[in-house]
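This report goes through selected helices and single residues of one model. Sequence and structure come first, and the notes follow.

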Amino acid sequence: ARQRRQFPEEIRLLVLDFDGVLTDDRVWVNENGQEMVAASRSDGMGLEKLKSELGIEVMVLSRESNPVVTARCKKLTIPVWQSVLKKRDAIREVLAAKNISQDEVVFMGNDINDLEVFPEVGFAVAPVNANAEVLRQADLILSQEGGRGAVRELCDMIITRLKTIE
């Protein structure tokens, strides 16, 4: 385990992995090869509150290239980058394009391909059911599972902490 960083006092961007964060990491595949996933409606409400109450930008960074990812992000009105094999490079590109300091970014991931993003952001978060190595390296481990309220828990935490600082 590494030294856990403090919760940021200023957050401009929340970046989320998709599978295992906005979903419960399971997939249903029908006979035509179409995929469906389970997501939490409370996560969606949390993201809406985060954006409307604090103006924090939210985006999804996903290794997957799947219409279900596009559809869920469209419904949540958040931008998504898909087919991202090198998330470290992608997050650097996003921060440069938006002129955002890494200290102002929170990232939530759940699996080993998300670990390369952790040192590139100010604060790294994992749902309680994340991969063991992700849990060891996260700055914060949530009490909720991915796709079952973890995003809502984080959004509520951000709203509460940042409103207290104001």
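## Helix α1

Helix α1 covers residues 41–54, which makes 14 residues. From first C-alpha to last, α1 reaches 20 Å, close to the 20 Å expected at 1.5 Å a residue; the expected span is 1.5 Å times one less than the number of residues. Helices (H or I, at least four residues) and strands (E, at least two) are DSSP runs, numbered from the N terminus. The model is a predicted one: local features need pLDDT of at least 70, side-chain atom pairs count only at pLDDT 80 or more, and totals for chains, interfaces and linings use all residues. Residues are numbered from 1 along each chain as its sequence is written, and side-chain values use heavy atoms, with hydrogens and water left out.

The buried residues of α1 are Asp43, Gly44, Gly46, Leu47 and Leu50. Seen down the axis, these buried residues fall within an arc of 160 degrees, so they line one face of α1. The arc is that of the directions from the helix axis to the C-beta atoms. Arg41 and Ser52, on the other side of α1, are exposed. Buried means under 20% relative accessible area, exposed over 50%, and partly exposed in between (1.4 Å probe, protein chains only). An α-helix has 3.6 residues a turn, so residues three or four places apart point the same way.

Leucine 54 also belongs to α1 and, at 22% relative accessibility, counts as partly exposed. Between leucine 54 and asparagine 129 there are 75 residues in sequence and 28 Å in space, C-alpha to C-alpha. Just after α1 comes glycine 55, with a positive phi of about 70 degrees.

## Packing of α1 and α2

Helix α2 consists of residues 67–76 and packs with α1 at an angle of about 45 degrees, the axes being 10 Å apart. The two helices are therefore oblique to each other. Arg41, Gly44, Leu47 and Lys51 of α1 make the contact with Arg72, Lys75 and Leu76 of α2. By class, the residues of this contact are two nonpolar, one polar and four charged.

Some terms need their cut-offs. Axes are lines fitted to C-alpha atoms, for helices over the stretch in contact, and angles run from 0 to 180 degrees between N-to-C directions. Angles under 35 degrees count as roughly parallel, over 145 as roughly antiparallel, 65 to 115 as roughly perpendicular, and the rest as oblique. Contact means heavy atoms within 4.5 Å. Ala, Val, Leu, Ile, Met, Phe, Trp, Tyr, Cys and Pro count as nonpolar, Asp, Glu, Lys and Arg as charged, and the others, Gly among them, as polar.

## Helix α3 and isoleucine 91

The end C-alpha atoms of α3 are 16 Å apart, which agrees with the 16 Å that its twelve residues should span at 1.5 Å a residue. Lys87, Ala90, Ile91, Val94 and Leu95 are the buried residues of α3. They cover an arc of only 130 degrees around the axis, which puts them on the same side of α3. Their cover includes the strands β1 (13–16), β4 (57–61), β5 and β6. The face turned away from the buried side carries Glu93, Ala96 and Ala97, which are exposed.

Isoleucine 91 sits in α3, residues 87–98, and is buried, with a relative accessible area of 0%. Apart from neighbours within four places in sequence, isoleucine 91 is in contact with Val15, Leu61, Val117, Glu120 and Val121. Valine 105 is 14 residues from isoleucine 91 in sequence and 9.8 Å from it in space, C-alpha to C-alpha.

Asparagine 99 follows α3 and has a positive phi, near 55 degrees. Asparagine 99 lies in the loop between α3 and β6 (105–108) and counts as exposed at 64% relative accessibility.

Threonine 77 has a phi near 50 degrees, again positive in a residue other than glycine. Threonine 77 is placed in the loop between α2 and β5 (80–81) and is exposed, with a relative accessible area of 58%.

## Alanine 130

The loop between β7 (123–126) and α4 (132–137) holds alanine 130. This alanine 130 is buried, at a relative accessible area of 8%. Leaving aside neighbours within four places in sequence, alanine 130 is in contact with Asn110 and Leu135. Alanine 130 and arginine 72 are 58 residues apart in sequence and 21 Å apart in space, C-alpha to C-alpha.
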